[in-house]
Amino acid sequence: DDLNIALPDRSWLTEITDKGESLMVSGVALDGQTISNLMKTLEVSDYFSGVELEELKQEALSGGEKVKLFTLR
């Protein structure tokens, strides 16, 4: 529930993977600030700590809009 509440507007999760004692969260956001806001919100949650950006890529959609693909640990 905390993950859902932390997810800002203009972002979507695409995959959640349990890696033992850590959780990998992948998604799409319209900009880097949105990803930063998600990380900050998760960091102050009672259920998440040590939030790190594992991967960040930019991709162009078919309409030409650019989005950020991210993976958090």
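Four strands form an open sheet in the order E1-E2-E4-E3, with antiparallel pairing; strands pair if DSSP finds at least two bridges between them. E1 and E3 stand at the edges with a single partner strand each, so one side of each has no neighbour in the sheet. Neighbouring strands are turned by 15° against each other on average, direction ignored. H2 packs on this sheet, touching E1, E2, E3 and E4, and its direction makes about 25° with that of E4. Axes are lines fitted to C-alpha atoms, for helices over the stretch in contact, and angles run from 0 to 180 degrees between N-to-C directions.

The model is predicted: local features need pLDDT of at least 70 and side-chain atom pairs count only at pLDDT 80 or more, while totals for chains, interfaces and linings use all residues. Residues are numbered from 1 along each chain as its sequence is written, and side-chain values use heavy atoms, with hydrogens and water left out.

**Overall architecture**

- The protein chain contains 2 helices and 4 strands, where helices (H or I, at least four residues) and strands (E, at least two) are DSSP runs numbered from the N terminus.
- From the N terminus on, the elements follow the order α-β-β-α-β-β.
- The radius of gyration is 12 Å, close to the 11 Å that the globule rule gives for 73 residues, so the protein chain is as compact as a globular protein of that length. The radius is taken over C-alpha atoms, and the rule is 2.2 Å times the number of residues to the power 0.38.
- Along the principal axes, the C-alpha atoms fill a box of roughly 40 × 20 × 20 Å.
- Of the contacts between residues at least 6 apart in sequence, 42% join residues at least 24 apart; contact means heavy atoms within 4.5 Å.

**Strand pairing and hairpins**

- E1 (residues 11–19) is joined to E2 by 8 bridges, and the two strands run antiparallel.
- Lys-19 has Ser-22 in E2 as its bridge partner.
- The hairpin of E1 and E2 has 2 residues between the strands, and Gly-20 there takes a positive phi near 75°.
- E2 and E4 are antiparallel and joined by 5 bridges; Val-25 stands opposite Leu-72 in E4.
- E3 (residues 53–60) pairs with E4 in the antiparallel sense over 7 bridges, with Glu-55 opposite Thr-71 in E4.
- The hairpin of E3 and E4 has 5 residues between the strands, and Gly-64 in the turn has a positive phi of about 95°.

- Buried residues make up 29% of the 73 residues in the protein chain. Buried means under 20% relative accessible area, exposed over 50%, and partly exposed in between (1.4 Å probe, protein chains only).
- A nonpolar core is a set of buried Ala, Val, Leu, Ile, Met, Phe, Trp, Tyr and Cys residues joined through side-chain atoms within 4.5 Å.
- The largest such core has 11 residues: Leu-3, Ala-6, Val-25, Ala-29, Ile-35, Leu-38, Met-39, Leu-42, Val-51, Phe-70 and Leu-72.
- Helix H1 (2–6), strand E2 (22–29), helix H2 (32–43) and strand E4 (66–72) each give two or more residues to this core.
- H2 provides the largest share of the core, 4 residues.
- Leaving aside neighbours within four places in sequence, the core residue Ala-29 is in contact with Arg-10, Ser-11, Thr-34, Ile-35, Val-67, Lys-68 and Phe-70.

**Arg-10 and Ser-11**

- Arg-10 is found in the loop between H1 and E1 and has a positive phi of about 70° although it is not a glycine.
- Arg-10 counts as partly exposed because its relative accessibility is 41%, whereas Ser-11 counts as buried because its value is 7%.
- The side chain of Ser-11 reaches the backbone oxygen of Pro-8 at 2.6 Å; a polar contact is a pair of N or O atoms within 3.5 Å, and within protein one must be able to donate a hydrogen and the other to accept it, with residues adjacent in sequence counting only if both atoms are side-chain atoms.
- Beyond its neighbours within four places in sequence, Ser-11 is in contact with Val-28, Ala-29 and Thr-34.
- Ser-11 and Leu-30 are 19 residues apart along the chain, and their C-alpha atoms are separated by 6.6 Å.
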